[in-house]
Amino acid sequence: MKLHSSLLFFHVFFQFYTLSAPLNSDGLALLSFKSHWTSLPPLINSTWIPSHSTPCSWAGLKCNSFHRVISLNLSYLDIYGQLGPEIANCTQLQHLDLSYNYFNGQIPYSFTNLHNLKYLDLSVNLLNAPFPHFLSQVPHLKLRDLSYNQLHGSISTTIANMTHLQVLYLQFNNFSGAIPSSIGNCTQLQDLYLNDNQLEGVLPYSLNNLNHLLNFDVANNKLTGAIPLCFSGCRNLQFLDISFNDFGSGLPYSIGNCTALSQFAAVKSNLVGTIPSSIGLLTELSILRLSENHLSGRIPPEIGNCKSLKELHLYSNQLDGNIPSEMGKLGELRDLELFSNQLSGEIPLEIWKIRHLEHLFVYNNSLSGELPVEMTELKNLKNISLFNNMFSGVIPQSLGINSSLVQLDFVNNRFTGNLPPNLCFGRNLSVLNMGINR
């Protein structure tokens, strides 16, 4: 009986002590971290209670079985203020997401104490500081997202130390200088986004080492020189965007090694030379955008092997010769834009039989011939722009009955006969330009 009373007393005492115990060190660190904010979201005010013994019931937190904080997610809370250094005292933290807020200033050096951190997301804030090279001392980091801030300076060569890194998002900042060749040491990288910065120099050949790379974006920078697409990691690459740079070089034949590519864009990148025939090896390609460059020569017929293509943009180049009939094998094609080149001859009949075709823009060329009746069977056809060519003959009179036409521009050709009477049949037509014909 005495033993039972003692156990009961101990149990009640333990519960009382637990309820009245002071807030643990992680909770104190978070309260101190919060003191740097100039606005407090209601969700934080109502749940971050200093009288608690642990912060494990607080909004945005997850704890382990020892009541240590392992995850802090405060995204989309419209928090204003700075990143106080105290959060680094939560040494068991594995997941830190402070994205979509208004944090300003610098990233604290004390973040180097977060030795267990694997996921760091500080994107879409107002951080304004040089590249945080010290983050390379966080040993197990797999995701690092600093995108959409105002960070500046060069990308440090110390990035070579981040050998566990799988995802690196640095886009939409003000980073300058060269892409360090040491980035080739980050051999586990799967996503690398450096677009919309002020980066200069060449693409480092060490990209060869990134065998696991799936997505690579360096668009909207000031990059020059050769494009090293011969790297072995290219075999796994699915998304590649090198648009809006100043390479001044050609597409290498080795582009054909990137056999897993689904989307490839190199718009307005000062590309010269011809489109390599190896492009036909990209059978998984669904989007190809090579517009607004200085590409010359013929469209390679091998492009017809890219049977997954849905969007093909080759406009505003110096391409000449005929449109290859092999393009008729692109059965999934919806958007074909070849305007503002030097193409001649007829549009192959095979193209007018691509049943998914919605948009056909071939204006500002030297194309000729008559329009076939087969074009009237394209039920998905919405936009046709043929102006400033040499097309002739009578426009098929049943055009419009089977399609939902939105835009027709046939200005400045040599068409004769009557206007088709059913162009407005689908009641969606908003643009009809037929001037300067016969």
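**Notes on the rings, salt bridges and core**

1. Start with the aromatics: Phe 33, Trp 37, Trp 48, Trp 58 and Phe 103 are linked by ring pairs into a cluster. A pair here means rings of Phe, Tyr or Trp (for Trp, its six-membered ring) with centres within 6.5 Å; planes under 30 degrees apart are called stacked, over 60 edge-to-face, and the rest tilted. Across the structure there are 17 aromatic pairs.

2. A word on what you're looking at. This is a predicted model, where local features need pLDDT of at least 70 and side-chain atom pairs count only at pLDDT 80 or more, while totals for chains, interfaces and linings use all residues. Numbering runs from 1 along each chain as its sequence is written, and side-chain values use heavy atoms, with hydrogens and water left out.

3. Helices (H or I, at least four residues) and strands (E, at least two) are DSSP runs, numbered from the N terminus. Trp 37 is buried at 7% relative accessible area, and Phe 103 is buried at 0%. For those labels, buried is under 20% relative accessible area, exposed is over 50%, and partly exposed is in between (1.4 Å probe, protein chains only).

4. Phe 391 and Phe 415 make a stacked pair, 6.3 Å centre to centre with 5° between the planes.

5. Now the charges. How many salt bridges does a search of the whole structure find? It turns up 4, counting a side-chain nitrogen of Lys or Arg within 4 Å of a carboxyl oxygen of Asp or Glu. One of them joins Asp 26 and Arg 68, with the closest N and O atoms 2.9 Å apart. Asp 26 sits in helix 2 (residues 25–34) and Arg 68 in the loop between strand 1 (61–63) and strand 2 (69–73), so the bridge ties together parts 42 residues apart in sequence. Asp 26 is buried, at 0%, whereas Arg 68 is partly exposed, at 22%.

6. Another bridge is Glu 358 to Lys 382, whose closest N and O atoms are 3.9 Å apart. Glu 358 is in the loop between strand 24 (342–345) and strand 25 (359–361), and Lys 382 is in the loop between strand 26 (366–369) and strand 27 (383–385), so this one ties together parts 24 residues apart in sequence. Lys 382 is partly exposed at 30%. Glu 332 also bridges to Arg 334, at 3.8 Å between the closest N and O atoms; Glu 332 is partly exposed at 32%, and Arg 334 is partly exposed at 25%.

7. Last, the core. The largest nonpolar core has 117 residues, and Leu 192, Phe 264, Leu 312, Met 327 and Ile 347 have the most contacts inside it. Such a core is a set of buried Ala, Val, Leu, Ile, Met, Phe, Trp, Tyr and Cys residues joined through side-chain atoms within 4.5 Å. Helix 2 gives the most to this core, with 4 residues.
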